[in-house]
Amino acid sequence: MNKNILVVGSGIGGLSAAIRLQNEGYAVTLLEKNSFLGGKTSNLSCNGFKFDLCATIPVIFDPYIELFKDINENIHDYIDISLIDPLYKVFFENNNSNYIFSSCIPKLTETISNIDNRDFKNYLSLISKSYIDFTEINNVFLKVPLTTNKDILKLKNIKTLINKDLDSTCYEYLKDNLKSELLINSLLFQSMYMGVSPYNTSSLFTILPLINYSTGMFFIRGGISSYIKSLVSIFKKRGGNIKINSEVTKFIFNNRTCIGVLLKNNEQLFSDIVVCNADVPYALENLLPKELNIKNKYNSANDFSCSSFIMHLVIDKRIPQLSIHNSIISENFKYNIEAPFNGYLQTNPHLYVYCPTRINKTGNYELITINLRVPNLLFNNVTWNNKTIYSLKNSIINTLEKHLKISNLQNYIKYEKYITPLDFLNAFNSYAGAGYGINHSFKNLLFFRPQCKIKGLNNLYFVGASTHPGAGVSIVLNSSKIAVSTINEDIKKQQ
Ligand SMILES: Cc1cc2nc3c(=O)[nH]c(=O)nc-3n(C[C@H](O)[C@H](O)[C@H](O)COP(=O)(O)OP(=O)(O)OC[C@H]3O[C@@H](n4cnc5c(N)ncnc54)[C@H](O)[C@@H]3O)c2cc1C
């Protein structure tokens, strides 16, 4: 099996595909446009302090472990993993309170009862149902390609497998199952991990905030970027070839068969197979030769997820009020949740706040990352300049001061870095600067999402957040498993 394969892009999609292919015996070269590896799972250094650039929550941990098993390595030889509890802390502006959500059932029931006694049983039954639903969906749909008619026939399975209406939205589903508005809102906010609007996407996404009660929440010392580093070291150790600063500008085709890539410096690289981890809509529009006549149908604001404004702060003060994962749920809930999907900035922001130094201590400093959902760039309503950044920063600092009961937080900020949708566009070629790729509305899920290959094109495969099964590190890890098994099957058929 001496075929050689070029993988374009070193996000978690590209890197995991490269390492799986290498493990199958292919000669793999990884091409990355940037001078660093890992895409949205890389790290960012701020005066010597290291932050995970974007992804911070390893929501579903199995795929992280599965990749190591698939390549016959022991994950514990490379990274330090522990289970954390509580899972989350949630601050509510509505009643000016905060609550700890633990995976320890007696502690959790106490929290739920304190919020709303009527929901104690409802919440527990949502947890168990989410786990069952996830297990069934995972096995039937999230690890397999959905490209053939046979796959499409399986759609019937999913209807019978899951005892709930997939057509209902997260909001409709939670409203039917819980009484407390606070609990509903906190789960709606957390259902947005993949950049979806919980008022406009399948109730499937309510699984995300509930699954960790059953599986536990893992913490990787050094962050998700440490996981990436370990993959890079294995890939290199096994003889993988990595070329950074190597932007691909075109795929080279012979008729409808991909035979290599053209780099920005005009160098041509030829291969038996090309795997593309660059965002699908960007690749369709920019990397496929025009003669193939394949159009990008994803080009309007509503085709994409929202984006994020990220603040990374080094704070010269311990903040025990924070847990590792925190949500701040503000008033005017629906308006602010929907604002980024309607093209506007939130006026009273809901925030996700990550504070890894609660467990991974860094002297007297606290490192915090704040994720604020903002519109993707195709809405064209927000100008990303210093004025916008300054105003968002002030609004975020005010919100933090109020909930954490700290005055003059600004005075404790030692270093700060910001990431805007323009950074996603410019650094990673993320179409529309959308942080989570093509959106996960009903029309872009499962069979309707771009798959790992395009009908009628040979030897070109896709991995990453805009392909099936979707965004999120664990889910993208599944996309590389799907692409690699499809490549293996296609090669077998050719032999
Ligand atoms: C703010 C934010 C927070 C998030 N938080 C979480 C979280 O907590 N948990 C979670 O599981 N997920 C999270 N996600 C989602 C997760 O980070 C992404 O879904 C995932 O990392 C996407 O991986 P990818 O490989 O598809 O894409 P990317 O990481 O975008 O990788 C694509 C790579 O291709 C390279 N590339 C593009 N074009 C070219 C070219 N022409 N030539 C060569 N190279 C090219 C890019 O530079 C990049 O390295 C978050 C996302 C964002 C934006």
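**Entry 1: the largest pocket**

I began with the lining of the largest pocket, whose residues divide into 13 nonpolar, nine polar and six charged; here Ala, Val, Leu, Ile, Met, Phe, Trp, Tyr, Cys and Pro count as nonpolar, Asp, Glu, Lys and Arg as charged, and the others, Gly among them, as polar. I note at once that the model is predicted, that local features need pLDDT of at least 70 and side-chain atom pairs pLDDT 80 or more, while totals for chains, interfaces and linings use all residues. Residues are numbered from 1 along each chain as its sequence is written, and side-chain values use heavy atoms, with hydrogens and water left out.

The search ran on a 1 Å grid over the protein atoms alone, where a pocket is an open set of points with protein on both sides within 12 Å along at least five of seven lines, a cavity is a set where a 1.4 Å probe fits but cannot get out, and lining residues have an atom within 4 Å of a point. Points are joined across faces, edges and corners, and a volume is the space filled by probe spheres set on them.

For the largest pocket I noted a space of about 630 Å³ and a lining of 28 residues, with Thr 147, Gln 451, Lys 453, Ile 454 and Lys 455 nearest its centre. Helices H5 (149-153), H11 (280-286) and H16 (473-494) and strand E19 (460-462) each give this lining at least two residues; helices (H or I, at least four residues) and strands (E, at least two) are DSSP runs numbered from the N terminus.

**Entry 2: the second largest pocket**

I then looked up the second largest pocket, which has a volume of about 280 Å³ and 13 lining residues, of which Pro 145, Thr 147, Thr 148, Asp 151 and Glu 489 lie nearest its centre. H16 supplies the largest share of that lining, five residues, and the classes come to two nonpolar, four polar and seven charged.

**Entry 3: H4 against H7**

I turned to helix H4 (residues 120-142) and helix H7 (residues 170-177), whose axes come within 10 Å and cross at roughly 135°. Axes are lines fitted to C-alpha atoms, for helices over the stretch in contact, and angles run from 0 to 180 degrees between N-to-C directions. Asn 122, Leu 126 and Lys 129 of H4 meet Tyr 173, Leu 174 and Asn 177 of H7, contact meaning heavy atoms within 4.5 Å.

**Entry 4: the sheet**

Last, I traced an open sheet of seven strands with mixed pairing, in the order E7-E6-E15-E16-E17-E14-E18; two strands pair if DSSP finds at least two bridges between them. Its edge strands, E7 (97-101) and E18 (413-419), each pair on one side only.
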